[in-house]
Amino acid sequence: MAMSMPTSSDADRPAILGGRPLFPDGLPLARPAIADPDKVAKTAHAILTSGVLTNGPTVRELEARAAEYLGVQHCVAVASCTAGLMLVLRGSQLSGDVVLPSFTFSATAHAVAWNGLRPVFADIRPESLLLDPVAAARATGMRTSAILATHTYGTPCDVEELAEVARRNGIRLFFDAAHAFGSRRGAAMVGGFGDAEVFSLSPTKVLIAGEGGIIATNDDILAERCRIGRDYGNPGDYDTRFVGLNARMSELHAATALASFDDLEERIGRRNELAARYRKVLGGLPGIAFPLVADDDRSTYKDFTILVDAAQFGMDADGAAKALAAEGIQTRRYYAPPVHRQRAYRSLAPANGSLPVTDAAAARVLTLPLWTGMDDQQLDGVGMAMARLHALAAKA
């Protein structure tokens with residue numbers, strides 16, 4: 001997808017004001033890719049002729065490969081990350097409250113609510129946009145049974161401090177690791193922290209299956225309950241042990257995920273290169289900041305999100321998103337509104353108190369296109385578009 005470079009007559013005029021769009025054919029936010037589609041097609045043919053289409057040997061192979069890669073005792077493949085979160089909470093036999101960030105995708109909270117538990121939202125750290133362990137500790141009370149943190153954008157949480165909060169309060173600790181398959185906290189892979197971590201394999205992620213999720217845990221009992229739970233709570237004798245889900249992964253999805261493993265490290269490396277280039281291209285623009293990733297950590301950069309200061313940049317994040325859309329550049333505002341501002345959860349807001357850092361971040365976030373096959377020219381075009389917007393605002 002080649003970028004249409006502006007002529008001298010429209011180089012300073014954004015498309016939203018009538019200039020020529022930088023990307024007339026569009027620049028998507030994400031574009032999933034499999035290195036060898038023919039390999040997947042060949043495996044799919046073998047699966048379709050085998051007579052075993054769900055939760056069979058290909059799923060077992062994926063679970064074994066994921067467990068080896070993550071360095072955990074158990075991986076349980078499921079139909080989605082959301083289903084996986086629902087199962088780890090159900091399998092842990094929790095009651096009462098679960099502390100979680102509001103600055104996350106709504107599925108994190110949905111998994112809590114679907115289990116009849118009460119989401120208690122805690123604030124995030126302004127520099128990383130990740131759950132603040134101090135805020136989590138303040139939100140923990142007599143009814144709290146667990147903390148559910150999110151490795152937002154693929155950036156690892158402060159797992160050590162959160163583990164200490166959980167230990168002091170005698171509660172469970174889980175991670176929504178939807179974005180983070182391949183992330184590292186120091187030298188340790190994300191996947192083995194807390195009581196369980198749950199990954200997403202949906203099309204916008206780094207490891208993709210089409211749809212699907214992986215529960216990673218070192219807890220033997222929890223792993224077995226999740227395996228039973230993904231099949232309605234039925235261990236095989238149709239005497240269901242608890243209220244489970246139909247959350248089995250299909251063999252075809254597992255085959256896609258196994259193929260996605262082939263160049264996983266190379267793709268994560270490329271995403272980090274693109275993120276570094278974005279920081280270089282955009283770093284000189286007033287009012288543009290970036291969520292912090294600790295020097296010793298590795299993010300998958302499932303999303304590349306910037307923070308826009310309206311006063312310094314000249315327009316707010318929502319205005320920039322509209323202007324970029326006119327250029328053909330697709331963006332998202334992850335996460336605006338945050339969960340506690342969404343209609344499904346507004347009734348909880350008074351009980352959860354104010355979340356000033358979350359609200360401030362939600363007002364500023366803008367997620368820009370990033371995918372493994374994105375080339376430098378495309379990225380530079382996004383930078384050019386942002387520079388034109390700032391220049392226009394500065395003249396106003």
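**Exercise 1. Identify the largest nonpolar core and the residues with the most contacts inside it.**

Step 1. The definition comes first: a nonpolar core is a set of buried Ala, Val, Leu, Ile, Met, Phe, Trp, Tyr and Cys residues joined through side-chain atoms within 4.5 Å. Buried means under 20% relative accessible area, exposed over 50%, and partly exposed in between (1.4 Å probe, protein chains only).

Step 2. In this predicted model, local features need pLDDT of at least 70 and side-chain atom pairs count only at pLDDT 80 or more, whereas totals for chains, interfaces and linings use all residues. Residues are numbered from 1 along each chain as its sequence is written, and side-chain values use heavy atoms, with hydrogens and water left out.

Step 3. The largest nonpolar core holds 43 residues, and Leu62 and Phe181 have the most contacts inside it. Helix H2 (residues 57-70) gives the most to this core, with five residues; helices (H or I, at least four residues) and strands (E, at least two) are DSSP runs, numbered from the N terminus.

Step 4. A second, separate core has 33 residues, including Leu274, Ala317, Ile329 and Trp371. In soluble globular proteins, nonpolar side chains tend to be buried together.

**Exercise 2. State which residues Leu62 touches, not counting residues up to four places away in sequence.**

Contact means heavy atoms within 4.5 Å. With that exclusion, Leu62 touches Leu201, Ile214, Met249, Ala254, Ala257, Leu258 and Phe261.

**Exercise 3. Classify the ring pairs Phe181 with Phe261 and Tyr278 with Phe304.**

Step 1. Rings of Phe, Tyr and Trp (its six-membered ring) pair if their centres lie within 6.5 Å; planes under 30 degrees apart count as stacked, over 60 as edge-to-face and the rest as tilted. The whole structure contains twelve aromatic pairs.

Step 2. For Phe181 and Phe261 the ring centres are 5.6 Å apart and the planes stand at 80°, so this pair is edge-to-face. Phe181 lies in the loop between strand S5 (172-176) and strand S6 (184-185), and Phe261 in the loop between helix H8 (251-260) and helix H9 (264-282), 80 residues apart. Both Phe181 and Phe261 are buried.

Step 3. For Tyr278 and Phe304 the centres are 4.7 Å apart and the planes at 15°, so this pair is stacked. It links Tyr278 in helix H9 with Phe304 in strand S11 (residues 304-308), 26 residues apart. Tyr278 counts as buried because its relative accessibility is 0%; for Phe304 the value is 1%, so Phe304 is buried as well.

Step 4. Ring pairs also join Tyr69, Phe181, Phe199 and Phe261 into a cluster.

**Exercise 4. Is Arg267 buried or exposed, and what does Arg267 contact?**

Step 1. Arg267 lies in helix H9. Its relative accessible area is 7%, so Arg267 is buried.

Step 2. Leaving aside neighbours within four places in sequence, Arg267 is in contact with Val206, Leu207, Ser260, Phe261 and Thr372.

**Exercise 5. Describe the setting of Gly328.**

Step 1. Gly328 lies in the loop between helix H11 (317-326) and helix H12 (349-352). Its relative accessibility is 22%, so Gly328 counts as partly exposed.

Step 2. Apart from residues up to four places away in sequence, Gly328 touches Phe23, Gly26 and Leu27.
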